[in-house]
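Here is a short briefing on a model with its sequence.

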Amino acid sequence: MSIHIEDLTVRFKNSVTAIDHADLDIPNGIFGLLGENGAGKTTLMRVLTTVLKPTNGMVTLDGILYSEGNYEKIQRKIGYLPQEIELYPNLTVQECLEYMGDLAGVPKAECRKRIDYYLKKTSLIEHRKKKMKQLSGGMKRRVGLVQALLNEPEFLIVDEPTTGLDPEERIRIRNLLVDFSENRTVLFSTHVVEDLAATCNQLAIMHKGRFLYAGSMKNLTEEAQGKIWICKVPDERKAREVEQKYRITSKQYVEGGLQLRVISEIQPELECMSIPATLEDAYIYVTNQYE
Amino acid sequence: MKKEMKIVLPFYKIAYAVSFVVILSVIRAVVFTYEIGLSIEPPFAILTAVFCADTYVQEITSNRSEVQRLYQIKKRIYSIIQRLMIQGTFLLLLAVLGYGLFFAFQKPITHPVTESEILQFITCFGAIVVTIFFWGILANTLSMLFRNMWMGIGSSLLIWVATNSTGGDKLFGAWNLFSYSFRDIENTADITWLYGKGLCICIGLILLLALPKIVRKRG
């Protein structure tokens, strides 16, 4: 399963361009979509789920063109977990999944089998009789993930599934996504860099409706190698001066002053040393270059 | 069906609908039994509009509609119709209860022109069935078009005010949506009020037929 996006543009009625002539190829496996809030990630996902029609450009899913006539065929291949979804609060977990499975057109017996399987996988089996409104945020998100998988989609789209979750729950969701990416394409959108670092090999960075980078995680971090510096300054005043000149990604009080993490093409004129770039550094470096 | 019931009949909706009917039967004075029907019909129209306005819009506000876009339209329409039927049946049972409560609280007497209490009840029942059918579909459709429950309720209320008024009666006559309530209750031979109810059925059916298109465009 692969997705091809060519010259995609989405312009809203209020003239806001959410996606601006974007090109992207999403291969099999788990693919990360990284970008700040408002970068256009959700809009892209809404196009891919056929909720939104693009203003311009072309999208294909395994060679099937996104067009009115093909929507039904495409929709059958997709599972979707939107950023914020409130599943039926008065239904139990089991009822909610059976109901959504039925709407998705999954035969009853098969649906029950799949619910059992995925509830076990997501450690929700003992909560199946609980009402949706009684679940914690993380559990609700896991149920949301199960509903997206009920039709055994070839292309799973998850929009910021870890937002607002505690670290343990975030790790759990991340691991589940990796498990579920076997033999399918998973598009994992987030603005949390460490979520992608822990799950994906391939990613794209979105910024103001454009793709600033698309490729492997390794190549991305390599782009920023030699451009990340740890500098030490004696006081806050000096730190502010450095901030005026360079992009600072972290600031920390240490013995004898402040330690700054600086992104710079050349070595800053300070007491500093070069350090290996992390994915977060690389992300900031790439977006910074664009600006 | 059981799941749809749980979705569209949460406790708070049942509670306010029952309270509405009990309060109505306590405060709305009727002297003769033939007044019960016209005391019930207009308030039930507005209760139905409020009750059914969130039938589908709850899917939009909860973002579930984004997932449902991936489902077959047939399944989605079937689900909406099932929900409207469940709510309609509940409201109809409530209307029957209300009819009985009027007898209990107001102790009305039979007017000499009333030929049969049973026939009077059946006529009222028929009119209420159409009222619930029409206002339920109307409120749901308007809410879907505006993608907002309150706009659906508000616009239904405007139509209610326009038709449930002396002006509306004069303008539409027997074709008024509330023709049953505005009929000449002492002239039992006059059945022209059926035109208004027939119109309600026709509009309701048209809105039902338009539902797939509305779900595709606005759902």
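Of the 219 residues of chain B, 39% count as buried (20 or more other C-beta atoms within 10 Å of the residue's own, with C-beta atoms placed from the backbone). This is a predicted model: local features need pLDDT of at least 70, side-chain atom pairs count only at pLDDT 80 or more, and totals for chains, interfaces and linings use all residues. Residues are numbered from 1 along each chain as its sequence is written, while chains are lettered from A and ligands numbered from 1 in the order in which they are written.

**Fold of chain B**
- Chain B has 11 helices and 0 strands (DSSP runs: helices are H or I, at least four residues; strands are E, at least two).
- Along the principal axes, the C-alpha atoms fill a box of roughly 60 × 35 × 25 Å.

**Annotated spans**
- UniProt (unreviewed entry) places "transmembrane region" at residues 12-32, 44-63, 84-106, 118-138, 145-163 and 191-211 of chain B; such annotations may be inferred rather than shown by experiment.
- Residues 44-63 of chain B are 85% helix and 0% strand, with end C-alpha atoms 30 Å apart.
- Residues 191-211 of chain B are 86% helix and 0% strand, with end C-alpha atoms 31 Å apart.

**Contact between chains**
- Chain A contributes 20 residues and chain B 16 residues (contact: C-beta atoms, placed from the backbone, within 7 Å).
- On the side of chain A that touches chain B, α3(A) gives the most, with 3 residues.

Key:
A residue is buried if 20 or more other C-beta atoms lie within 10 Å of its own, exposed if 12 or fewer, and partly exposed in between; C-beta atoms are placed from the backbone. Two residues are in contact if their C-beta atoms, placed from the backbone, lie within 7 Å.
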